[in-house]
Amino acid sequence: MPGSVARIFLLLLLALGVPGKAAAEPPDAALARLLAEARSEAGATGTCARGDIDRLVRIFCSGRIRAGVREYYPLFGTRTGTERSGYDVDGARAIADFLDLDLELVRVNASTRIAMLDEDKIDIVLATMGHNTQRDGQARFIRPHYYQSETIIVGPKELPVSGWKDVAGRSICVSLGNGSNAQMISHHARLMLFTDVTELPARLVDETCMLAAQDNSFFASYFTDEAFDRRFETKFGFAQVPWGIGVARSGSERLARALDLMSQIFHRDGRFLEIGRNNKIATGFLLRQREVWNRPECNTAVGSTDPACILPPLDAGLEPTPFAGHAVAFEQWIAEKTGVALSLPMLKTMPAWTLFQRGIFNSLYLVIGALAATLVFALLLGALQSGRSRIVYWVFHSLTVILQSSPVVLLVVIAAAVAQEVFAYSSVVAIGAAIVALGLMNGSNAGQAIAEAMHTLHAENAGKTVPETKLFGRAVSRSATQIVSFLINAAKGTPVASFIGAPELLSALTDITSFASGRATTYTILLVFYVIVVMIVVWLCGRLRVVLERRHA
């Protein structure tokens, strides 16, 4: 690797000509020494076979560096066939070239980029990753930052949204793992999650999403399209965040230090700026950073630790719960005893805990409401189909057939649409619409069973004078098994309310996982909750069936 040797030699010559204290040492000299030491160590017999070497030494042992980049993020990371391009991709190439290493580009997305660092599938990540205080415990961010952006909310120009007051109750399409998701949830927005960020513009165009939130850097290329720009606009922006190159928190101390120094040099010498201009991204931040890192007080080996030179991470810290420490301790205990990586995000932060509590209470309200609505509609539709009038019978029998033939999700969506035409959207309206839809669907089935039992009783009691109310009571008793079955079905179907933004437990846990880890554990808790609820409903309905059967036996 003659190019690398020559570069390090020149940097060492520069270091020898620089007088003064170590604190005033330029980044070039410190980097040259660090790289020379790492290369020397990598070349020593037996070093590369050890498992405890720093990643900087290891990448010199392998002769390659693995960089996690995005493939579908216009201007920053895109792939066409085997060709990759974008600011992040070219940044990874510049790092590999500087180190005279082969480059292996690995696809990551917002939800996998930190996990792949932890799993040692990549050495560094350049993937539009905002540096916030919440992520500081998950990855080691390189300073200075290599770019900056803010989250913007985009929607149709005719939609009256201009600030947080206008998003309460509205659904916003977001990417999984976006650091701004928690802030949107705190303003009572409902989130629709996508693992692939490129889905967002497409879902805006086909009107699956009325609003979408993502970095302004992502939407920049879409607003250059005349058709997109004509229909949509930026409603407002928030959460300005610096982007950081990331490395694993453990085993990467020397690699991180080398990248800190390289980032300083790339800003000072305009390398990041050149890459940005080549990829046609906004360069205001890069111009400002070039000025900063050309200041004498910043252009030192310790500049990346000087608060006057570097940017702080976005303060995205979430208020911890009073029992967060106990939750963490329990997770660690489970991991030590079983080896299972349990994660309980709903117990660690107040936003998640609040969502979790509301989700449980709303789910219980929804279950109770669905049971009551099913029973009411069963009795009502059963009575209307049991009368002597053939016209009334066929009208409501036809309605029952329509309800039985309709997918429950479609019924819930239609009920929500009708409700929102009459009332302003709220969580109460969404839950109410779901209760009505579930009650109609399951009640129509149970009501048909009552009506059929009523017609059988009419035939059995032909010529007898039996009050209709008494016959109806017997019909309900005969239909007890069917009624109970559809009551249980109504309880089991309540999670479908999440499709219309009702804040029940499934919706709440989806919101929690949009800004916290632990999806497997979170959804396991959801399963356990509904299993317990349905078991209780089955027991209560069993008691109800016994009462009904004995009453008119």
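User: What is the relative accessible area of C48?

Analyst: This is a predicted model, where local features need pLDDT of at least 70, side-chain atom pairs count only at pLDDT 80 or more, and totals for chains, interfaces and linings use all residues. Residues are numbered from 1 along each chain as its sequence is written, and side-chain values use heavy atoms, with hydrogens and water left out. Buried means under 20% relative accessible area, exposed means over 50%, and partly exposed lies in between (1.4 Å probe, protein chains only). C48 counts as partly exposed, because its relative accessible area is 39%.

User: How far apart are the sulfur atoms of C48 and C61?

Analyst: A disulfide is a pair of cysteine sulfur atoms within 2.5 Å. C48 and C61 form one, and their sulfur atoms are separated by 1.9 Å.

User: Where do C48 and C61 lie?

Analyst: Helices (H or I, at least four residues) and strands (E, at least two) are DSSP runs, numbered from the N terminus. The pair links distant parts of the chain, 13 residues apart. C48 sits in the loop between helix 2 (27-43) and helix 3 (55-62), while C61 is in helix 3.

User: Which parts of the chain does the pair of C173 and C209 tie together?

Analyst: C173 and C209 form a disulfide with sulfur atoms 1.8 Å apart. The two cysteines are 36 residues apart in sequence. The parts are strand 9 (residues 171-175), which holds C173, and, for C209, the loop between helix 7 (199-205) and strand 11.

User: Is the disulfide of C173 and C209 left-handed or right-handed, and why?

Analyst: Look at the torsion about the S-S bond. It is about -90 degrees, so the disulfide of C173 and C209 is left-handed.

User: Is C298 buried or exposed?

Analyst: C298 is joined to C309 by a disulfide, S to S 2.1 Å. C298 and C309 are in the loop between helix 12 (284-292) and helix 13 (324-338), eleven residues apart. C309 is buried at 4% relative accessible area. With a relative accessible area of 1%, C298 is buried.

User: Which pattern do the disulfides of the protein follow?

Analyst: The count comes to three disulfides. Count the bonded cysteines along the chain, and the pattern is 1-2, 3-4, 5-6.

User: Which residues have the most contacts inside the largest nonpolar core?

Analyst: A nonpolar core is a set of buried Ala, Val, Leu, Ile, Met, Phe, Trp, Tyr and Cys residues joined through side-chain atoms within 4.5 Å. The largest one has 62 residues. Those with the most contacts inside it are L56, Y87, I95, L99, I124, Y147 and L259.

User: How many residues are in the second, separate core?

Analyst: L56, from the largest core, touches residues including L34, L35 and A258 (contact means heavy atoms within 4.5 Å). The second core is separate and includes A213, L371, L471 and L487. Its size is 50 residues.

User: What does I275 touch?

Analyst: I275 lies in helix 11 (residues 271-278). It is buried, with a relative accessible area of 2%. Leaving out residues up to four places away in sequence, I275 touches Y87, D90, G91 and A94.

User: Which residues are closest to the centre of the largest cavity?

Analyst: On a 1 Å grid over the protein atoms alone, a cavity is a set of points where a 1.4 Å probe fits but cannot get out, and lining residues have an atom within 4 Å of a point. The structure holds one cavity of 30 Å³ or more. Of its 18 lining residues, the closest to the centre are G130, R135, N178, G179 and D215.

User: What is the volume of the largest cavity?

Analyst: Grid points are joined across faces, edges and corners, and a volume is the space filled by probe spheres set on the points. Strand 11 (212-215) and strand 12 (232-243) each supply at least two residues of the lining. The volume is about 160 Å³.

User: Where is P144 found?

Analyst: The peptide bond from R143 to P144 is cis, with omega near 5 degrees. P144 is in the loop between strand 7 (140-141) and strand 8 (147-156).

Note on methods. On a 1 Å grid over the protein atoms alone, a cavity is a set of points where a 1.4 Å probe fits but cannot get out, and a pocket is an open set with protein on both sides within 12 Å along at least five of seven lines; lining residues have an atom within 4 Å of a point.
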